[in-house]
Amino acid sequence: MTPSAILESALYVTDLAEAEVFYTDILGLTLLGKVEGRHLFFRCGPGVLLVFNAEATRIPPASDARLKVPPHGTVGEGHLCFAATADEIELWKTHLLAKKIAIESEFEWPQGGRSIYIRDPSGNSIEFAEPRIWGL
């Protein structure tokens with residue numbers, strides 16, 4: 001057996017309110033759900049981006065919890081890459097700079113394809129890249 005796709009990806013943040021503004025107002029993602037102090041869930045194409053308060057997700061579920069999601073979380077900056085065509089990367093650059101979001105790095109990969117990197121308010125590394133960097 002081999003998984004067919006990644007359904008959801010998670011990032012951990014230090015401030016959910018800042019993250020909500022960033023991922024909705026700056027990146028334009030649609031908020032699917034949220035629990036104050038714990039998480040935000042966003043639609044991203046056919047998948048879902050989960051944004052968690054790491055401290056809250058380290059707490060095991062109560063013995064009578066309806067959803068017994070095991071504890072998880074991480075410390076420090078994570079990474080997430082959004083797929084974008086070469087033209088879309090140019091549009092993202094213009095959009096992000098207009099929103100006063102600094103482009104941290106930009107380059108062509110040796111195997112072909114381009115990436116730009118920014119940081120979210122919690123310091124996570126957010127990349128926009130052409131899928132061909134992975135031969136896709």
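Me: Where does α1 lie, and at what angle does α1 run to β3?
Reply: In this predicted model, α1 lies across β1, β2, β3 and β4, and its direction is at about 10° to that of β3.

Me: OK, and in what order do the strands of that open sheet come?
Reply: The open sheet has four strands in the order β1-β4-β3-β2, and the pairing in it is mixed. Its edge strands are β1 and β2, the latter covering 30-35, and each of these pairs on one side only. On average, neighbouring strands in this sheet are turned by 20° against each other, if direction is ignored.

Me: How many bridges join β3 and β4, and in which sense do they pair?
Reply: β3 and β4 are paired in the antiparallel sense, over six bridges.

Me: And what stands opposite Cys 44?
Reply: That is Gly 47, which belongs to β4.

Me: Switching topic, how many residues are in the largest nonpolar core?
Reply: There are 23 residues in the largest nonpolar core, and Tyr 23, Leu 27, Leu 49 and Phe 128 are those with the most contacts inside it. Among the elements that give two or more residues to this core are β1 (8-13), α1 (16-26), β5 (79-83), α3 (86-98) and β8 (125-129).

Me: Which element gives the most to this core?
Reply: It is α1, which contributes five residues.

Me: What does Leu 27 touch?
Reply: Leaving aside residues up to four places away in sequence, Leu 27 touches Phe 22, Phe 82, Trp 92, Leu 96 and Phe 128.

Note on methods: Residues are numbered from 1 along each chain as its sequence is written. This is a predicted model: local features need pLDDT of at least 70, side-chain atom pairs count only at pLDDT 80 or more; totals for chains, interfaces and linings use all residues. Side-chain values use heavy atoms; hydrogens and water are left out. A nonpolar core is a set of buried Ala, Val, Leu, Ile, Met, Phe, Trp, Tyr and Cys residues joined through side-chain atoms within 4.5 Å. Buried means under 20% relative accessible area, exposed over 50%, partly exposed in between (1.4 Å probe, protein chains only). Contact means heavy atoms within 4.5 Å. Two strands pair if DSSP finds at least two bridges between them. Axes are lines fitted to C-alpha atoms, for helices over the stretch in contact, and angles run from 0 to 180 degrees between N-to-C directions.
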